[in-house]
Amino acid sequence: MPKLQESIQPVTLALATSNGNEIAETGLRPWGSYTVLEEGRGYKIKRIEVKPGHRLSLQMHHHRSEHWIVVSGTAKVVCGDNEILLSTNQSTYVPPCTQHRLENVGVIPLVLIEVQNGEYLGEDDIVRFQDDYSRAEPV
């Protein structure tokens, strides 16, 4: 039987067309999943789904900002020293180098669209401060 740490490893799936071009990337995470909908120079658009009662790590990014638009569900957002609740059709902005966290405080899946802007948009531009899944950076 795999250890808990082994069972929550991230999985990334790429969907391809018949000519081999990548059309979407889906990452499975312990809190839910994300799908890259579109990516271009300086921007990336994702669909993020967070399971009820789950939250992403308290984190920040050096090279990108993020805009979050709630499609369905209720989001608790921590951004710097502020904490707000967002529901369907509400949005918020997360500047670069700002600690932030997203949490699903509702009973249905939280679905949102995330628009990233910046010079570097790689998944490795994440500094974790707290994490429910033991992925925080060593201190």
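Mentor: What follows is a set of questions about the labels used for this predicted model, each answered by setting a value against its cut-off.

Trainee: Why is Asn89 called exposed?

Mentor: The label exposed requires a relative accessible area over 50%; Asn89 has 67% relative accessibility, and therefore counts as exposed. Its place is in the loop between β8 (82–86) and β9 (91–94).

Trainee: Why does Cys97 count as partly exposed?

Mentor: Partly exposed covers the range between the buried limit of 20% and the exposed limit of 50%, and because Cys97 has 48% relative accessibility, Cys97 receives that label. Cys97 lies in the loop between β9 and β10 (100–104).

Trainee: What makes the phi values of these two residues worth a remark?

Mentor: Most residues other than glycine have a negative phi. Phi of Asn89, however, is positive, near 75 degrees, and Cys97, also not a glycine, has a positive phi of about 60 degrees.

Trainee: How do you know that β10 is largely enclosed by the rest of the structure?

Mentor: A buried residue has under 20% relative accessible area, and five of the five residues of β10 are buried, so the strand is largely enclosed. His100, Leu102 and Asn104 point one way from β10, whereas Arg101 and Glu103 point the other way, and all are buried.

Trainee: What makes β7 and β10 a pair?

Mentor: Pairing requires at least two bridges between the strands; β7 and β10 have five bridges, in the antiparallel sense, and therefore meet the requirement. Val78, for example, has Arg101 in β10 as its bridge partner.

Trainee: Which residues touch the most other members of the largest nonpolar core?

Mentor: Among its 17 residues, they are Val50, Ala75, Val77, Leu102 and Leu110. Two or more residues each come from β3 (32–40), β4 (43–50), β6 (64–72), β7 (75–79) and β11 (110–118), and β7 gives the largest share, three residues. Leaving aside residues up to four places away in sequence, Ala75 touches residues including Val70, Ile84, Leu102 and Leu110.

Notes. Residues are numbered from 1 along each chain as its sequence is written. This is a predicted model: local features need pLDDT of at least 70, side-chain atom pairs count only at pLDDT 80 or more; totals for chains, interfaces and linings use all residues. Side-chain values use heavy atoms; hydrogens and water are left out. Helices (H or I, at least four residues) and strands (E, at least two) are DSSP runs, numbered from the N terminus. Buried means under 20% relative accessible area, exposed over 50%, partly exposed in between (1.4 Å probe, protein chains only). A nonpolar core is a set of buried Ala, Val, Leu, Ile, Met, Phe, Trp, Tyr and Cys residues joined through side-chain atoms within 4.5 Å. Contact means heavy atoms within 4.5 Å.
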